[in-house]
Amino acid sequence: MRYAGRPLSLKLAGTFFWQRALRIYPLFWLSLLSASFLLGEGWNELHEISFRTLATYLALPTVRHEGYTWFIPELIQCYLAAPFLYYLLRKLHLWRFVAFIFALGAVFMAITVHYWRLLDLIHGFGVPDPNALFYRAIFSSNILFFAGGLCMPLLIRQVKPYVNNYVTLAFLVAFLLSMYFVRDEFFIILFLPSQLLLFPLFLLSVSCFCLSAIAANRTLSLSRAIAYLGGYSFTLYLFHWQYFALLKKIG
């Protein structure tokens with residue numbers, strides 16, 4: 001909706017990447033620099049210029065950061081995939097795009113559930129880094145969540161005639177139940193080998209709850225305060241470890 005369904009072009013992609021870079025990098029670099037001075041241990045290497053340091057500062061998708069900045073490469077990865085996903089959404093149209101996300105998600109889920117078995121199967125076949133190969137499926141799940149968010153405005157328009165307060169309440173109950181069911185003790189009771197088998201229920205229920213609440217135009221309790229905090233959540237998260245370090249230094 002923000003880009004009004006415009007065809008993908010270099011100018012459109014450039015505008016998107018420029019806006020994201022301004023949002024992510026200045027605060028990220030400031031966070032890394034302050035961490036290298038305040039936190040010391042584990043961050044001293046940032047003072048030395050090397051290819052690894054450069055990769056860290058650029059948050060390249062192939063580099064997994066240490067500590068609290070681990071999720072920045074995942075964000076960058078989603079943004080790099082965004083023009084392709086935008087093109088795919090326009091090409092496949094809404095429901096085929098949603099089906100594509102679900103199908104790919106099912107593949108990722110199967111790989112994740114059978115992770116160690118798959119590693120054993122290809123052991124000795126000369127695959128350079130099988131562990132990284134299959135972990136890629138888990139890591140790429142974040143791109144699927146991002147893709148789901150991309151089609152949310154179109155879904156809201158589609159479901160608007162069918163939702164009301166009762167539907168929203170039903171999805172809220174389903175969401176709360178799913179949070180309860182993904183607790184560890186339920187795996188023992190239900191003889192499930194992994195949380196991953198219940199996790200899709202959690203994702204589906206929270207997505208449907210958000211979708212129906214927005215489509216029904218419901219204002220939830222404390223929504224204004226939460227939205228305000230949400231606007232600053234990136235900054236709060238990037239610097240929270242430095243806050244702790246400073247508090248410790250002053251006793």
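**Cores**

I started with the largest nonpolar core, which has 21 residues; L85, F97, I101, C151 and L155 make the most contacts inside it. My working rule for a nonpolar core: buried Ala, Val, Leu, Ile, Met, Phe, Trp, Tyr and Cys residues joined through side-chain atoms within 4.5 Å. Buried is under 20% relative accessible area, exposed over 50%, and partly exposed in between, with a 1.4 Å probe and protein chains only. This is a predicted model, where local features need pLDDT of at least 70 and side-chain atom pairs count only at pLDDT 80 or more, while totals for chains, interfaces and linings use all residues. Residues are numbered from 1 along each chain as its sequence is written, and side-chain values use heavy atoms, with hydrogens and water left out.

Helices here are DSSP runs (H or I, at least four residues; strands are E, at least two), numbered from the N terminus.

I then looked up I101, which is in contact with L144, A147, G148 and C151 once neighbours within four places in sequence are set aside. Contact means heavy atoms within 4.5 Å. There is also a second, separate core of 15 residues, with Y79, A82, F234 and L238 among them.

**α4 and α7**

The axes of α4 (residues 94–113) and α7 (residues 152–159) come within 11 Å and cross at roughly 120 degrees. That makes the pair oblique. I took axes as lines fitted to C-alpha atoms, for helices over the stretch in contact, with angles from 0 to 180 degrees between N-to-C directions. Under 35 degrees is roughly parallel, over 145 roughly antiparallel, 65 to 115 roughly perpendicular, and the rest oblique.

From α4, L94, W95 and V98 meet L154, L155 and Q158 of α7. I sorted this contact by class: five nonpolar, one polar and no charged residues. Nonpolar covers Ala, Val, Leu, Ile, Met, Phe, Trp, Tyr, Cys and Pro; charged is Asp, Glu, Lys and Arg; the others, Gly among them, are polar.

**α1 and α2**

I found the axes of α1 (residues 10–38) and α2 (residues 51–58) within 9 Å, crossing at roughly 130 degrees. These two are therefore oblique to each other as well. Y25, F28, W29, L32 and L33 in α1 meet T56, Y57 and L58 in α2. The classes come out as seven nonpolar, one polar and no charged.

**S34**

Last, I checked S34, which sits in α1. Its C-alpha atom is 8.6 Å from that of F239, 205 residues apart along the chain. Not counting residues up to four places away in sequence, S34 touches L39, F239 and Q242.
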